[in-house]
Amino acid sequence: MQLDEHLFRREAGRMVATLTRIFGVQNLTLAEDVVQDAFCRALEVWKFRGAPENPSAWLMATAKNRALDILRRERTALTFAPELTRWLESEWTLRPTVEEFFAPNAIKDDQLRMMFSCCHPRLPEEAQVALVLHILCGFSVDEIAGAFVSKHAAIEKRITRSKKVLAGSNRLFEIADEADFSARLPAVHRALYLLFNEGYHGASAESAVRVELCQEAMRLATLLFDHPLAATPATFALSAMMCLHAARLPARLDASGNLSALADQDRSRWNAKLIAEGRKLLGQSASGIELSEYHVEAAIAAIHAEAARVEETDWGQIIALYDTLMRLRPSPVVALNRAIAIAQRDGPERGLAEIRAIADVERLNAYPFYFAALGELELRSGHREIARAHFRAATKQARNAMERRFLEQRTDACEVQSSAGVPAGILRPRRLRQP
Amino acid sequence: MSEFVFLYRNELTGAPPASPEQMQQTMQKWMAWMKEMGEKGQLKNAGHPLERTGKVVKGKQKTVVDGPFAEAKDIIGGYSLVEANDIAQAVEISLGCPIFESGGMVEVRPVMKM
């Protein structure tokens, strides 16, 4: 019997969430130990017997039995979830209570509870994301450090500290309280958005890791739909954005494994199913008066998805959406993307002028694609020397080998004589080299 | 054809616990290896895993103590019954065992012929 890919990792999140609900958030470590134990047993037994018919159910049952043992044995020594104490104390109610928490719907709610708990206001955003990945997605410290290109020690510190805050918060987030729920929901959206972006734009070189981060963010976002309080227009918009971006992932690398810019991608490799799903979700997101940054980003992605060829892109509409995004969540990166769209519609000089006008432009100094954008626009204006200098600066900021290779190719492209008048799109390396 | 017992022995290392993803990968390697032996007709019986706890009964006094496992450098985690032409082939088969990746060992012991 073949196991689902990442089965253990996913089950880890489900089991920890449920066990923490029963044990109480102060016993998070105990919950993690029980999960580790269940995996060890699975490893030993399945090695010899093969995987059971329903591996998830086997793991859950193993964790449940172990939890019952602990609840019986440690009843006097430990305090479990305070609101459950009287149910856990008596043998009459212990098993039925625990059974109830291991029912599929309860497990879903527990994951939601944990997700909201991880987005604790006392934790900085990057700590929330790391905690979600660790607790709900079953990533080890090493795996998170690998995905974020951080040092093991730094991530370990971040997670240990965050767990302390979580364990010290006395109880898990109460998802039944409408006011609290709505107040915390934007932080949860933001964490999932950052998790997705880390996968999509992040600094990690290993493409497999990045795709997995995107998938995890999408999986957690679907948990939100199933809860009436979480199924808001912004939730649908966030998911729409994720689907529409994820649809482009298969084309981000070309046949030789090199990074491929949006304008250059083989659009037939975009995932049509995800685009359709994204469009559907975007439609669902338009049900209220709320306009979130996710609505705007999803709408921009939808316009790109509509254009069968880059030349057919409706740049005017994209610029208008970037204007809106600048009002909702202004940032130098958004301003840069807006300037690039303007260059596509009105020519490179206008684009360069827009870039020069960006407030806090110095905040982009560590961002390789800022220099790359300057390089492309200067190149298209015929300023080869200036363009080459920008591409060199961009190469210095490259965060991984793939970006470096891509930017080196662009630097080289400044040497090649390209015939005048070639409509070289922004970040469109191959077209420039093969006029 | 002769029969051999494979005893899977693990050293208890202080290494940090594996991540769920790593454990799944380890298990899939084991399952693939067992399946391969089965398909080649080499696996007479997949055998059993053994708990890490137990008792040892010893001496004329028949004293019962908790297993010596806490101090043991390596403990037997399980066994399988394998069929091979000779010890050389049995050893050859054992080389595919994923246990080596985690620093464990396989003890290959011929079953005495009666």
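1. Buried area is the accessible area, taken with a 1.4 Å probe, that two parts lose on being put together, summed over both. In this predicted model, chain A and chain B bury about 2,000 Å² between them, of which 63% lies on carbon and sulfur atoms. The interface brings 26 residues of chain A into contact with 25 residues of chain B, where contact means heavy atoms within 4.5 Å.

2. On conventions, residues are numbered from 1 along each chain as its sequence is written, and chains are lettered from A and ligands numbered from 1 in the order in which they are written. Local features need pLDDT of at least 70 and side-chain atom pairs count only at pLDDT 80 or more, while totals for chains, interfaces and linings use all residues, and side-chain values use heavy atoms, with hydrogens and water left out.

3. Two salt bridges are counted between chain A and chain B, a salt bridge being a side-chain nitrogen of Lys or Arg within 4 Å of a carboxyl oxygen of Asp or Glu. One salt bridge joins the side chains of A:Arg9 and B:Glu21, at 3.7 Å from N to O. The elements that give two or more residues to the side of chain A that touches chain B are α1 (7-23) and α2 (28-49) of chain A, and α2(A) supplies the largest share, twelve residues. By class, that side of chain A has 13 nonpolar, five polar and eight charged residues.

4. Chain A has 21 helices and zero strands, assigned as DSSP runs (helices H or I, at least four residues; strands E, at least two) and numbered from the N terminus. The radius of gyration of chain A, taken over C-alpha atoms, is 25 Å, close to the 22 Å that the globule rule gives for 435 residues, so chain A is as compact as a globular protein of that length; the rule is 2.2 Å times the number of residues to the power 0.38. The C-alpha trace of chain A spans about 85 × 50 × 35 Å along its principal axes.

5. A:His6, in the segment before α1 of chain A, has a positive phi of about 60 degrees although it is not a glycine, and A:His6 counts as buried at 5% relative accessibility. A:Asp360, in the loop between α17 (348-356) and α18 (368-380) of chain A, has a positive phi of about 55 degrees, again without being a glycine, and A:Asp360 is partly exposed, with a relative accessible area of 38%. Buried here means under 20% relative accessible area, exposed over 50% and partly exposed in between (1.4 Å probe, protein chains only).

Key
Nonpolar A, V, L, I, M, F, W, Y, C, P; charged D, E, K, R; others polar.
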